[in-house]
Every structure is written in structure tokens, then in C-alpha cells.
Amino acid sequence: MRTNTPLHAAFAALSLGLALVAGCTSDTFEPGVPASLTLSDSQVTLTSVGQNRLLSATVKNQHDDPIEASLTWSTSDPLIVVVNGDGLMSATGVGTAVVTVSTGGLTDTAMVEVAQTPAHIVQLLGYGQSGPPSQALPSPLTVRVTDALNHPIEGVEVTFEAPDGGSVDPATAVTDFFGQAATTLTLGAATGSYTAIATVTGTPLNTTFSASTGGPFSIEVVFVGDQPTPAQIQAFMDAKARWESIIQADLPDDYAILPAGSCGNSPDMDRPIDDLVIFASVGFIDGPGGVLGQAGPCFLHSVGGLPAIGQMTFDGDDLNDLEANGILSPVILHEMGHVLGYGTLWDGVGFLADGVLTGGTDPHFTGPGAIAAFDAAGGAAYANGKVPVEDQGGPGTADAHWRESVFDNEVMTGYINLGANPLSAISIASLGDLGYTVDPSQADPYTVVNALRAAGANRVVLHLQNDVRVGRIGVLGRNGRVSRWVR
């Protein structure tokens, strides 16, 4: 029998002590227990509302080894920044907030500042106006300043200048809640073209407005939504100048007080109208091919019943294709003609007869001026007392354009052709029938082709399908609101 000696007892006690120490160490330095929590950033600055930033957190045990842990994220002010369960922050407003991460009683924080930085300045109102020398233009030159994600910025100073002899008032303005600032341009004493430049003070961001001492009839083009390319803007300005040279008389002034969206993507309106304001929008409709866009009047003048406010809406992909293929200008000229009333007011004033969309078989235009011009251009042998209107192509083409099989490459058919697309005296005279004072000498050379020309002679490259705006047309009242609806 073995007995414990004092030495054996000492060794036993030592072994027991080491076991106790080992057990204590195992509990204190458990590998899976968080001992520290550290965020990847303690200070974060976001420069755009809507901007995202992913925060990461590192959790370590007491051995300073990274470990997996369940994290809880929170924000001190969700009106400034929100954060999801993965640490992804999104800026929701301007200001400062604290984002906190926690796990197992440990926390760490990041101070987040959202301070919008100007990235864009775009024109909203006032582009392409014309007026008498030494007079203020009827519409203010209005810009919007936005951040990189196109959210408006309040409180930004914008400087305006008129380098061509005009003047602006005020010379500086601060953007409002909607990111907008405005000035009024007064033209100089000389006839000709003028510009005004709006600049975000202290930055290279700027945009240039064009104006002129044009004729009595003025078309104001207001770009809304995505900014067109320089070539697209020029096509709008060329079409505007062409129609302004054709229409020779002013229309009665009106005033519009209308909510946003009253005419396409139009903003809120509380402004004078002289003579025609067009809201031009470039965006997404259905991608390349399909519907290019739509155009037409939304509101008519209270006196005379001619268009006062209209829209031109285009698919950006198609517009880029037109620009690349060199047929952008005739398309813009064509669509602006629809805003003026070509094909969009015919039925309402009684000049469309036997419309195919209402059961007819031979749609034609009955305005006396257009009939005379059609006959003079070689159409008398085709049909006496009528101008043939399109009977093919379905809604948006039929009953709203000249007949392609007769007019061939005339720009106001429902099809754009390779080569020249002349604007004929017939189209100009049809506007005269609607009530405009027009100058037929501004027409391009044109003669009516043989309606029975050989198949395949047509050089169509683009069907302008569904290009006529569908919707109500109102009449502006004296109080600036809609007095009645005519369609």
C-alpha cells in the first residue's frame, strides 16, 4: 500500500493549483468573447444627399485576434443619415449626425457630416428669349444648383453677368430650398444676340443663356430634366429661330399660374407668357427605337386661341441616334411645328375632314391658304380643294401629318427622309389658316411629287410614330388659370 509523503502532497497541491489557474485563464481569455470594437472611420464627410458610404467595424478578443460578432448599428438623426444592419450609411439631409455600432456592451462612434457640394448648374427658365432692344425679357433667367447626385442645394450664391452689352438684376442671388436662383436680363440698345452667364460663385461651374432682339413673335424653350447635348440644344435654337422668322406678328400676352406637371415635366408656373413657351424634356421613354417622343400644345392663349404653352418630350437614346445620323435638325423643326398647332389643332378648328381615325377614308386639310399653296406647288392635279393628310401609320401619325405618298420628303409628313427635308409654303400657309401671320417667302423650294411614283423611291429612314401629344388642351383665363378645356 502506497502512502502519501509530504513531498507527494506538495506535488499534488501544485498540480491542483496549476489546474485551477488553467481553468481561470480559459474563462478570462475566451477566444470568442469581444474585448474591443473599432470603426474604420471616426469622421466621415458626405458631399451629396443620397450618397452612400460603407462603414466597417473590427471586433477583437483579448488576444487581439479579430473575431466574428453580431453588430448593432444606429444613427442619432435619421433626417441626416440612415444606416442599415451592414453599416451602409446613406445621406438624407444636410447636417451632422452620429453613427454608433455596438456589440456585447462595447460601442464605437463615427461623426458624419453631410455638406452638399455644388456639382451642376442647369437652366430652368429663360433660355432663347427675344424682345425689343433696351427692354427686360419677359421671363427671368432661372438656374438650379445641384450636388453630384442632382439633389438641389439651398444657400449657394450664384453670380450673373451680361458680357454683350445687356444688364442683369440682381447680379448675385442665393439659391432657395429648391436650389433655384434667378435674375432678369435687360437687352442692350443694339439689335442682335445677347448672352448672360450664371456662375456658382467661387467655382468653375457656369451656364450661358442666349437671347436676341428678334422679331415680334417669340418662342421660349425651357429645358427640364436631363440636359441635352450642345448639338441638341443648337437644334432647338435653330428650329426656334426658323419658326420665329416665319411667324410675323405678336400674340396677345397672357399670364400662367399652374402647378408643376401641367405640361409635361413643367415646373410650377407663376409667370407671363409671350408668345409661346415650350418645355423640352430629354429622358427615357422606351429606349432605342419605338417612340421617339411627343410634342404638342397644352394651353392656348385666351385671345385668338393659339398655343401659349407646349411640350416636346424625347427619348434620350433616340435623340442621340438622330444626332449621330445627321437628322436631328429636321426632327426638332417638325416637332416644334406640332407645338405651334400643326396637326394638333386641325380637328378643333374644323380644318380636318374625313379623318381616318374616325372612320373616314380620305383625310384632308381644308384650310384655304394651304389649299392654294398646295395647288401652286403642283398639287392641283391631285385633288381640287383639299390637301391630302396621312391615312397610314395609326394614331399619332394618321390625321396629323401630310400624306407621305404625296408629299414625299416634305418635313411635316410623318416620316423623316435621307437628304433634304424641305419646309414647304404649304406647311407655312397651314399655320396662316390657324390664325398666325406668316411669311411664305421663308419656305424652302418644294414641288408636290407624283402620288403614283415608283415603289421604293421613298427614302424614309425614320417613322415619327406616336409623335403627337395626347392629352387635354386648356385655355388660359385672365386670372392665369385654366378657364376651360377645349380637348
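In which handedness of crossing does α5 pass α7? I looked this up before anything else.

**Ground rules**

I am working on a predicted model, where local features need pLDDT of at least 70, side-chain atom pairs count only at pLDDT 80 or more, and totals for chains, interfaces and linings use all residues. Residues are numbered from 1 along each chain as its sequence is written, and side-chain values use heavy atoms, with hydrogens and water left out.

**Entry: α5 and α7**

The crossing of α5 past α7 is right-handed. Helices here are DSSP runs of H or I with at least four residues, strands are runs of E with at least two, and both are numbered from the N terminus.

I then checked the geometry. Helix α5 spans residues 368-379 and helix α7 spans residues 425-434; their axes come within 7 Å and cross at roughly 165 degrees. That makes the two helices roughly antiparallel. The classes are: under 35 degrees roughly parallel, over 145 roughly antiparallel, 65 to 115 roughly perpendicular, the rest oblique. Axes are lines fitted to C-alpha atoms, for helices over the stretch in contact, with angles from 0 to 180 degrees between N-to-C directions.

Next, the contact (heavy atoms within 4.5 Å). On the α5 side I listed P368, G369, A370, A373, F374 and A377; on the α7 side, A425, I426, A429, S430 and D433. By class, this contact has eight nonpolar, two polar and one charged residues. Nonpolar covers Ala, Val, Leu, Ile, Met, Phe, Trp, Tyr, Cys and Pro; charged covers Asp, Glu, Lys and Arg; the others, Gly among them, are polar.

**Entry: α2 and α4**

The axes of α2 and helix α4 (residues 328-340) come within 9 Å and cross at roughly 50 degrees. That makes α2 oblique to α4. This crossing is right-handed. A231, F236 and W243 are among the α2 residues in the contact, and L328, I332 and L340 are among those of α4. The contact divides into 10 nonpolar, three polar and two charged residues.

**Entry: the six-stranded sheet**

I traced an open sheet in the order β19-β22-β24-β23-β30-β31, with mixed pairing. Strands pair if DSSP finds at least two bridges between them. β19 (219-225) and β31 (482-485) each have a single partner strand, so one side of each is left without a neighbour in the sheet. Neighbouring strands are turned by 25 degrees on average, direction ignored.

β23 and β30 (residues 474-476) run parallel, joined by two bridges. F299 stands opposite G474 in β30. Helix α2 (residues 230-246) packs on this sheet and touches β19, β22 and β24; its direction makes about 155 degrees with that of β19. Helix α3 (residues 316-324) also packs there, touching β22 and β24, at about 85 degrees to the direction of β24.

**Entry: the disulfide**

How many disulfides does the structure hold? I found one (cysteine sulfur atoms within 2.5 Å). C263 is joined to C298, S to S 2.1 Å. The S-S torsion is about 70 degrees, so the disulfide is right-handed. C263 lies in the loop between β20 and β21 and C298 in strand β23, so the pair ties together parts 35 residues apart in sequence.

**Entry: the four-stranded sheet**

This open sheet runs β10-β12-β16-β14, with antiparallel pairing. Its edge strands are β10 (120-125) and β14 (167-169). The twist averages 35 degrees from one strand to the next. β12 and β16 pair over four bridges, and V143 has A181 in β16 as its bridge partner.

Terms used. A crossing is left-handed if the near helix is turned anticlockwise from the far one by less than a right angle, and right-handed if clockwise.
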